[in-house]
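Work through the exercises below with the structure in view. Try each task before you read its solution.

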Amino acid sequence: MTALQEAPTIVIRPVAGHIGADISGVDIAGPLAPETVQQIKDALHKYKVIFFRDQQLGHASQIAFGRQFGPLTYAHPHDEAPPDGYAEIFTVDPRRYEKRYGDDFRKQVRRRRYSYFTGWHTDVTAAVNPPAVSILRADVVPEIGGDTQWTNLQAAYEGLSPAVQAFVDGLRAEHRYGGPDSGLSRNATYSKRIEDNLLVAIHPVVRVHPVTGAKGLFVNPGFTSHIVDVSASESKAILDLLYSEITRPEYTVRFRWAPGSVAVWDNRATSHLAPTDIEHLDVQRTLHRVTVIGDVPVGPDGRESELVAGKPFTDKHVVVVDD
Ligand code: SIN
């Protein structure tokens, strides 16, 4: 058994005004002292996304690192082929989607209605219990381009005027795979996969963070289909307003990957944007993600999210494949 590391002197350096911190002075490949884990968790709750560089993680040690934040989910609601022996690992590499869903998959997903929306999302909010934390490790990354961006959904909420905060505090929204702004429904094979593994939930539009008690917006263009109990045009107008708020540059941070980089984000307080600037370059970009099983969101009125279709997303997830 590997010995626990002595509590190292970790250095936490914020990197942007509202979100993000670099953490150095710690090797996350081995088991960490409890006080180090607590320091890392505290930094995560404060800065929402934390970055480690030059780490030596493989699948097993990434899973072990992830488990220090809580039990992990299965790889992804639609991924039937995680690496052998590592059911928790979701490999992010567009070549895998093209193999599965056809050459046009990426093009179809990119053709979106919102001019400012190019893929902002919070992981798996179609589940009634979206992952609490996501951990992404760079394996092969391009020399130019390929950055990821994150936005602080609590800062976006705090930036609203009090009257608008009070208004959105009482709203709820449906989240599903293949919603109108996801672009996913344009691919027939992927649409079938979504139908066969239907996952739909209704979440509060404002989520109270279970650890810090802070309020944050909890809608994202990737999964939110509509605001419930309002008309379609009202829903669109409200979501337009909220999406323009959550994508304001001042709430974001951008991360330049290198092999061995690891990003850990609080999926209860952030949305993120995968890169869109490498489509035309013939480059490989392969990263591996694990996600920590999440709790059921609660709104400012104390009401929990509701499951509409599917099951809570856990390690027991089974993907139905009927292509
Ligand atoms: C993800 O959405 O989890 C992946 C982000 C990325 O590829 O940069």
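Predicted model: local features only at pLDDT ≥ 70, side-chain atom pairs only at ≥ 80, totals over all residues.

Residues are numbered from 1 along each chain as its sequence is written, and side-chain values use heavy atoms, with hydrogens and water left out.

**Exercise 1.** Describe the protein as a whole.

*Solution.* 
- Start with secondary structure: the protein has eight helices and 16 strands. Helices (H or I, at least four residues) and strands (E, at least two) are DSSP runs.
- Next, burial: 55% of the 323 residues count as buried, meaning under 20% relative accessible area (1.4 Å probe, protein chains only).

**Exercise 2.** Find the residues around the ligand and sort them.

*Solution.* 
- List residues with a heavy atom within 4 Å of the ligand. They are Val-92, His-121, Asp-123, Leu-136, Thr-148, Trp-265, His-272, Ala-274, Pro-275, Arg-285 and Arg-289.
- Sort them: five are nonpolar, three polar and three charged. Here Ala, Val, Leu, Ile, Met, Phe, Trp, Tyr, Cys and Pro count as nonpolar, Asp, Glu, Lys and Arg as charged, and the others as polar.

**Exercise 3.** Which polar side-chain atoms lie 2.5 Å, 2.8 Å and 3.0 Å from an oxygen atom of the ligand?

*Solution.* 
- Use the cut-off for a polar contact: a pair of N or O atoms within 3.5 Å.
- At 2.5 Å, the atom belongs to Thr-148.
- At 2.8 Å, it belongs to Arg-285.
- At 3.0 Å, it belongs to His-272.
- Finish with cover: on its own the ligand has 260 Å² of accessible area, and the protein covers 94% of that. Such areas come from the Shrake-Rupley method with a 1.4 Å probe.

Note on methods: Near = heavy atom within 4 Å. Polar contact = N/O pair within 3.5 Å; in protein donor to acceptor, adjacent residues only side chain to side chain. Buried < 20%, exposed > 50% of the residue type's maximum accessible area, 1.4 Å probe, protein only.
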